[in-house]
2 protein chains.
Amino acid sequence: MLQTLIDYISRFITIEEEEIKLIESLFQAKSYPKGSYFLQEGAVSKEVGFLIEGLVTYCIEGDDLHLYNFGVENNFVCNYESFLTKTPSSKSIKCVEKTVMLCISYENLQVLYNRVSEGQKMGRLISEELFLQATVDITSFYVDTPEQRYQKFLAEHPLLNQRLPQYLIASYLKIKPQSLSRIRHRMFKNDFLT
Amino acid sequence: MLQTLIDYISRFITIEEEEIKLIESLFQAKSYPKGSYFLQEGAVSKEVGFLIEGLVTYCIEGDDLHLYNFGVENNFVCNYESFLTKTPSSKSIKCVEKTVMLCISYENLQVLYNRVSEGQKMGRLISEELFLQATVDITSFYVDTPEQRYQKFLAEHPLLNQRLPQYLIASYLKIKPQSLSRIRHRMFKNDFLT
């Protein structure tokens, strides 16, 4: 399990043998049952999780449920707004499947940044990657139709179409479940004809 | 002009006197006439600009014009997707006013990261801030009405309402100019009555 994390970090920086031991000591494996919360609205986000197995959704739960992001294997999971500013989260992070994560506290993350020789660089590169993905998501809202967004979703996460309930995929696409059904029907019909 | 940049960087890290000299040597002041491009669609983004004076818009110019972000004083300006991956930009960055920036090349930015003792940390903290803002923008799409987005825009950038043409503000809010007129009319009427 820890090797997956070390492999991920090694994509960004070079880590020495003794640094691997330090990194391992800073994370703690945690298991979350299906349907449980990694972070509840109103609580302060105190950990970043590296998702080993499972699936989480990032939601805003008001009068309506808005699913605005999700987290899959080999990704960090966190509401960084709450985590970095130490303020109550206005969003929740829920485990759609039984989920296993390696978790690191705010304090231990600072240790990682400061005691691993390229720790800050790792933090910069991961933050840059998160920012780039967020920019892609924002611009997609401006230029893509819901159908194009669904096609991109399928292309980027082919397995999620089975793992996430359709009403949550519709929420992520910001359309009604009936509209998603119509899009799926149209796409299936076209596939069938070509 | 350089002092503004040093003040900005000092919000994130501690810099020594000789590091200030190094930072100053890595940036170059550039002036862009009103209406000119800082980055044109199709070109590779080769510089990050720190905006000293002026106003830029981030646009996708296809059949329709989509303004998805803007840059004001005391902010870095860049299409990071193109800059970091060294691929042609699918967006453009245009100067709506005469704009003055301190520009740093990709190569000089790596020098800054590696030769300023807290350079990587600065990069991490600025990337985190950019990512947090992008997350706020994404979630606003899900939960806010166009009227609420306009109110937030006015609250966060009170002067931009005068500096940006209304059709560009409408594009940023992802509504038609006529809809923005109606929102403004309704808000003005309410202000007048209360």
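Predicted model: local features only at pLDDT ≥ 70, side-chain atom pairs only at ≥ 80, totals over all residues.
Next select helix H2 itself, residues 17–26 of chain B, where the buried residues are B:Glu19, B:Ile20, B:Leu22, B:Ile23 and B:Leu26. If you look down the axis of H2(B), these buried residues fall within an arc of 160°, so they line one face of the helix. Turn to the face directed away from that buried side, and you find the exposed residues B:Glu17, B:Glu18, B:Lys21 and B:Ser25.

Staying in chain B, show the side chains of B:Arg163 and B:Glu73, which form a salt bridge whose closest N and O atoms are 3.3 Å apart. B:Arg163 lies in helix H7 (residues 160–163) and B:Glu73 in the loop between strand E5 (65–71) and strand E6 (76–77), so the pair ties together parts of chain B that are 90 residues apart in sequence. B:Arg163 is partly exposed, with a relative accessible area of 25%, and B:Glu73 is partly exposed as well, at 29%. Moving to chain A, select A:Glu73, A:Glu97 and A:Arg163, which are joined into one network by salt bridges that share partners.

Now display both chains and turn to the contact, to which chain A and chain B each give 32 residues. The area buried between chain A and chain B is about 3,200 Å², with 73% of it coming from carbon and sulfur atoms. On the chain A side, colour A:Arg124, A:Phe131 and A:Tyr142, which lose the most area to chain B and together make up 25% of what that side buries. Between the two chains there are zero salt bridges, whereas eight residue pairs are in polar contact. Strand E5 (65–71), helix H3 (80–85), helix H4 (106–115), H5 and helix H8 (166–173) of chain A each give two or more residues to the side that touches chain B, and the largest share, 18 residues, comes from H5(A). That side of chain A divides into 16 nonpolar, eight polar and eight charged residues.

Finish on helix H5 (residues 119–143) of chain A by selecting A:Glu128, which has its place there. A:Glu128 counts as buried, at 11% relative accessibility. Apart from its neighbours within four places in sequence, A:Glu128 is in contact with B:Leu84, B:Tyr113 and B:Ser127.

Methods: Residues numbered from 1 in each chain as written. Chains lettered and ligands numbered in written order. Heavy atoms only, no water. Helix = DSSP H or I, 4+ residues; strand = E, 2+ residues; numbered from the N terminus. Buried < 20%, exposed > 50% of the residue type's maximum accessible area, 1.4 Å probe, protein only. Contact = heavy atoms within 4.5 Å. Buried area = accessible area lost by both parts, 1.4 Å probe. Salt bridge = Lys/Arg side-chain N within 4 Å of Asp/Glu carboxyl O. Polar contact = N/O pair within 3.5 Å; in protein donor to acceptor, adjacent residues only side chain to side chain. Nonpolar A, V, L, I, M, F, W, Y, C, P; charged D, E, K, R; others polar. Arc of directions from axis to C-beta.
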